[in-house]
Amino acid sequence: MKRRPLIIKNQRWLDFLFHRPNIHLASFQTISNYPRIWIISILILAVTSLSPLVMATFINNRLIHKSVDSELVLQTDRVTSNAKRSMRFFLEERLNALRFIVNELPYYSLIDNEHLTKILSNLKLGFGGFTDLSIIDADGSQEAYAGPFNLEGKNYKTQSWFIQSIERDNFISEVFTGYRDIPHIIIAVRSQTAYGRHFILRATLDTQRLMDMLSSYKTNVHTDIFLLNRSGIIQTPSTIFGKVFTPAPIDIPAFSDATQVITPENNEENAYVIGYSYIVTEAVTTPFILMVHKKKSDVMGTWLNLGKTFNWIIGFCCLVMMVIITLVSTFMVNQLYLADQAKAETMIKMEQSQQLACIGQLSAGIAHEINNPLALINETAGYLKDLYQYTGEHRSDKEITELLDDILEAVSRCGTITSQLLGFVRQFDVQISSVDVEKLINGILSFHQKETEYKGIHVTTAIAPNVPAIETDRGKLQQILLNLINNAFQAIEANGCLDIMLSHLPPKKISIEIKDTGCGIPEENLKRIHEPFFSTKKEKRGTGLGLSITYGLVKKLQGAIRVESSEGIGTIFTVTLPVKMQKEEKA
Amino acid sequence: MKQIDILIIDDETKFADMLGRRLSLRGVTCHACYDGQSGLDWIRSNPGAATLILLDLKLPDIYGTQVLAHIKEIDPALPVFIITGHGTREDETACLAMGASKFFLKPVNIDQLTTLLNHARGEGK
């Protein structure tokens, strides 16, 4: 059997996918469904090698997201706490300053406008953020005023902030516009005159100062810090929710003195967290809720981007691995397929040769068994003929002698068949030796010398120079040439020609051409001449085994035989043989 | 001791008889033995009496190659022709190696046989 080349061509890679089931081969193949094996192997390899990678990536992603989330919460918490502390301090500081003023100074000096203006300028100098000061008595009428607006003589009795502040010691209002039409905050401190009447020291605070302070905590554009009042109205401008005095489209968080961070359940794209704290000073609760709104995606962009890059790399690796897995699987399965195919072919060859051997043994057995009775018939008929010939009786009875001759001839034909059948069996063992083909041909031709002379056949042999002696089985080669030359002699009529040409086909072959000018073989018979028992020479005592045996012998000698023929012109048999016959492995 | 031309050792009695009769008609004296042992006994008791031995391989008691070996022990110069219906190539090579002169497959041509006998006679003389 020819070995397959080690380097497998591309188109051979997918042989197993396109293989057509062959009933003869299938019975010898181990695996029948190669595409299935291929898919299973790809799946198993892919799952075992990719799943740890995918799982690790998944876990890594979860971890990144978790740490991003907790980091975000932490950051928000920190910013909120800091902002709250500043805010509280801001308000407390101013409240305490006012408290100090009302407790320290007598009422009469407070209602002195000049004095009040001086106090205002001192407060502006010391603390900042104050816009104006005024003293309002228990009835709501303004007793004194220092500041840029012309508010003297105003009565605040109906104003809600006044109603609230006259009832308690300290008061901090929401942001509102009031008479002056400018957003401001009121801080009011209640005290008593020497006569026991309540009065209020009211200061208005510039909201700009507050906004500046809050915006100083905005670390980046994705953070929004603003104040809400307890009914959800925006108190300082928000970059997300808009202007002052518009209601914020978010739920008002539950009251908490301490900083709280809420992580709403929301989609990844616009994920955010909210930190908040109610602002409560030691002396008074304010209406303010400090809100910090932080967007997740942008704040943690670096981290998330890193995660994304990592995912891309893993995805690419998976792709590369899949390609490799597919290639390796394809290669391996195809190798398996080729090996299996080769095995099946070998098995079939073995089976065929075993069948041949069986047929051989059977025919040999029959031939042997027939030989004995045949010999008996031969001798008996021979003896009968002898009796006629030697005793002289019935010598004149030509018919009986002729009939006996017919029997003897039939026996002789049977003998030829049995010996050829035995020859069939003998094909199976090969003995290699060095053979000089030229000598062999000449030897065979010498058998036919008489026939040559008798029929006037012109025989030529053309031997090319430097034809090497070949290593082959002498007996079988002799048989081959004998059969072919015999055939040729039978075909050639009187005065015909027989040409034998021996040539070397470098480097490893020789060819023997036997050309006769005989009757030729009709085209329809050409295909059948190697079939056993096919013969057109019925009348000439052919067994039909000659060429079949020759064909088998040539195959056995690892050669090839070719026949060209044209009816009425002649036939050329070309036998090609290897110079050096390879020893067969014994089956 | 009676001098004969051919000793036939073959278990096919009818074949042996018929061959013997045909040879007799051609002036060849024959004796037939129907198994290996009797054949060997005949040779031992009549040393030098036969010119040629025709030996079958498939005998009922001893296989032909062994008979051949015994004959060659008794008389190495005695020509032995193997005539068999069952000859394999191994048998042929073995017999020729053991000193058999010819190896024929049945059926055999009587004229060929007499010609060879005449050769053997000539060599014997």
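Two strands are taken to pair if DSSP finds at least two bridges between them. In the predicted model described here, this criterion applies to strand β4 (residues 184–192) and strand β5 (residues 198–206) of chain A, which run antiparallel and are joined by nine bridges. Within this pairing, Ala188(A) has Arg202(A) in β5(A) as its bridge partner.

Both strands belong to an open sheet of five strands in chain A, in which the order is β2-β1-β5-β4-β3 and the pairing is antiparallel. The edges of this sheet are formed by β2 (142–146) and β3 (170–176) of chain A, and because each has a single partner strand, one side of each is left without a neighbour in the sheet. On average, and with direction ignored, neighbouring strands of this sheet are turned by 20° against each other.

Two helices are placed against these strands. Helix α2(A) lies across β3, β4 and β5 of chain A and runs at about 35° to β4(A), while helix α4 (residues 113–126) of chain A packs on the sheet by touching β1 (130–137) and β2 of chain A, its direction making about 145° with that of β1(A). Helix α2 (residues 34–104) of chain A comprises 71 residues and reaches 102 Å from its first C-alpha to its last, a value close to the 105 Å expected at 1.5 Å a residue.

Seven bridges connect β15(A) with strand β16 (residues 570–578) of chain A in the antiparallel sense, and Val563(A) stands opposite Phe573(A) in β16(A).

As to confidence, the pLDDT of chain A averages 83, and 89% of the residues score at least 70. Over residues 1–11 of chain A, however, the pLDDT is below 50, and this stretch has three contacts in the model beyond near neighbours in sequence.

Key
Residues are numbered from 1 along each chain as its sequence is written. Chains are lettered from A and ligands numbered from 1 in the order in which they are written. This is a predicted model: local features need pLDDT of at least 70, side-chain atom pairs count only at pLDDT 80 or more; totals for chains, interfaces and linings use all residues. Helices (H or I, at least four residues) and strands (E, at least two) are DSSP runs, numbered from the N terminus. The expected span of a helix is 1.5 Å times one less than its number of residues. pLDDT is the predictor's confidence in each residue, from 0 to 100. Two residues are in contact if their C-beta atoms, placed from the backbone, lie within 7 Å. Axes are lines fitted to C-alpha atoms, for helices over the stretch in contact, and angles run from 0 to 180 degrees between N-to-C directions.
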